[in-house]
Amino acid sequence: MIRRILHSSLLFLLLLENSIADLNDDIAIYWGQNDGEGTLTETCATGRYSYVILAFLNNFGNGTVPAINLASHCDPLADECKTLSTDIKNCQMQGIKVFLSIGGADGNYSLASSDDAKNVSDYLWNSFLGGKSSPSLRPLGDAVFDGIDFDIEISPPQHWEELARYLKSHSTPARKVYLSAAPQCPFPDAELGTALSTELFDYVWVQFYNNPGCEYADGDVNDLLSSWNQWATSLKNGKVFLGLPASREAASNGYVPVNILVTDILPVIKKSPNYGGVMLWTTYYDIQTGYSNSIKSFSCTQQNHTDECKGNDEHKGNKWWIWLVVGVGAAFAILCFILCLCCVLRRKENSGDLQPQTISHNNVGEGDFGPVYKVVQ
């Protein structure tokens, strides 16, 4: 009976987990490198994104004075970027994880040594994460980012794995430090290959664009799917995202028409156990094309939630019932555990009430095979 209850509750939770996972088609978006993309608060308020990545801290390490570049959104030299603290908190209040991306295609960054990696880690921890530095020394105010994104494109590959380890060492059960990375699709990534092998990264949004040979081209999805399979099977920890440009103008090549994405690519890559979702470059281009909205609409329709598909923003906001189901499922599992525990304790009590009978043996003689006893009860 106990085994049946345990098996039933386990099966229920597994089915529940799979159902919730199917409903989550998470989208990560880069914000901060374009005019006309709106504020960070506006970006998060669309309800389309689960992860927003601020780009970029593109000067640091090897003696370089750290500097952040957020295009025309704010001027860090004039101390204007601290106002972003409110926006970051607004996003986090909606359950959106906010990352600071370090690196990028332009800038001056590298790690000269293990000590340099430690120094950069300390700077990131105290300036953007949960460190104890005063708000006046934090370029984006007192908001605490959920994690750091590694978009390393123009640096030697040495010491990035050490930076990842130093940052991850700050994780606690109360406050986890998340790590993400945006490698190029040629495998392994020239700059981040060693760092990714540490399996410390929670999210890996692979850039399947600006990389002929492992991206979509001229109606052919085979190169992209082959590269995806290599990445998905090689990464043993964390979630893998399909990184794409949100419009043709967002990248030199690799743009995937949304109808091709939702019919020929997503149904295939979603079979990977570590599939996480889609990463898009950038908010500005997504506003122009509505690319993320098309992905959400397809996923919603595919799961036959037609009423909720009438408005993606509404669909995102009305997921309270999912957490209700999760809560009920957890309560059911706990109840099953308590019932099993009670049954075990009850059995022990019953067995303790049974007093063994005392048996004495009296030797009354010898038989052919040894002593003969009379049993007296």
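A residue counts as buried when its relative accessible area is under 20%, as exposed when it is over 50%, and as partly exposed in between. The structure described here is a predicted model.

Asp-79 sits in the loop between β3 (64-68) and α3. Although Asp-79 is not a glycine, its phi is positive, about 60 degrees. The relative accessible area of Asp-79 is 47%, so this residue is partly exposed. A second case is Asn-210, in the loop between β8 (203-207) and α7. Asn-210 is also a residue other than glycine, and its phi is positive, near 55 degrees. With a relative accessibility of 37%, Asn-210 counts as partly exposed.

| Residue | Relative accessibility | Class |
|---|---|---|
| Asp-79 | 47% | partly exposed |
| Asn-210 | 37% | partly exposed |
| Thr-198 | 18% | buried |
| Gly-243 | 0% | buried |

**Cis peptide bonds**

Two peptide bonds are described here. The bond from Ala-55 to Phe-56 is cis, and its omega is near 0 degrees. Phe-56 belongs to strand β2. The bond from Trp-281 to Thr-282 is cis as well, with omega near -10 degrees. Thr-282 lies in the loop between β10 (275-281) and α9 (283-289).

Gly-243 and Trp-281 are 38 residues apart in sequence, while their C-alpha atoms are 7.7 Å apart in space. What does Gly-243 contact, leaving aside its neighbours within four places in sequence? Its contacts are Val-206, Gln-207, Phe-208, Tyr-209 and Met-279. Gly-243 has a relative accessibility of 0% and therefore counts as buried.

Thr-198 is in the loop between α6 (193-196) and β8. Its relative accessibility is 18%, so Thr-198 counts as buried. Apart from residues up to four places away in sequence, Thr-198 touches Glu-161 and Arg-165.

**The buried side of helix α3**

Helix α3 covers residues 84-93, and its buried residues are Leu-84, Ser-85, Asp-87, Ile-88 and Cys-91. Why do they lie on the same side of α3? They cover an arc of only 160 degrees around the axis, and this puts them on the same side. An α-helix has 3.6 residues a turn, so residues three or four places apart point the same way. The elements that cover the buried residues of α3 include β1 (26-31), α2 (40-45), β2 (51-61) and β4 (97-104). Of these, β2 is the strand that holds Phe-56.

**Helices α7 and α8**

Helix α7 (residues 222-234) and helix α8 (residues 258-269) have axes that come within 11 Å and cross at roughly 15 degrees. The crossing angle therefore makes α7 roughly parallel to α8, because angles under 35 degrees count as roughly parallel. The crossing of α7 past α8 is right-handed.

Which residues meet where α7 contacts α8? From α7 they are Leu-224, Leu-225 and Trp-228, and from α8 they are Asp-264, Ile-265, Val-268 and Ile-269. Six of the residues in this contact are nonpolar, none is polar and one is charged.

Methods: Residues numbered from 1 in each chain as written. Predicted model: local features only at pLDDT ≥ 70, side-chain atom pairs only at ≥ 80, totals over all residues. Heavy atoms only, no water. Axes fitted to C-alpha atoms, helices over the stretch in contact; angles between N-to-C directions. Helix = DSSP H or I, 4+ residues; strand = E, 2+ residues; numbered from the N terminus. Parallel < 35°, antiparallel > 145°, perpendicular 65-115°, else oblique. Left-handed = near helix turned anticlockwise from the far one by under 90°. Contact = heavy atoms within 4.5 Å. Nonpolar A, V, L, I, M, F, W, Y, C, P; charged D, E, K, R; others polar. Buried < 20%, exposed > 50% of the residue type's maximum accessible area, 1.4 Å probe, protein only. Arc of directions from axis to C-beta.
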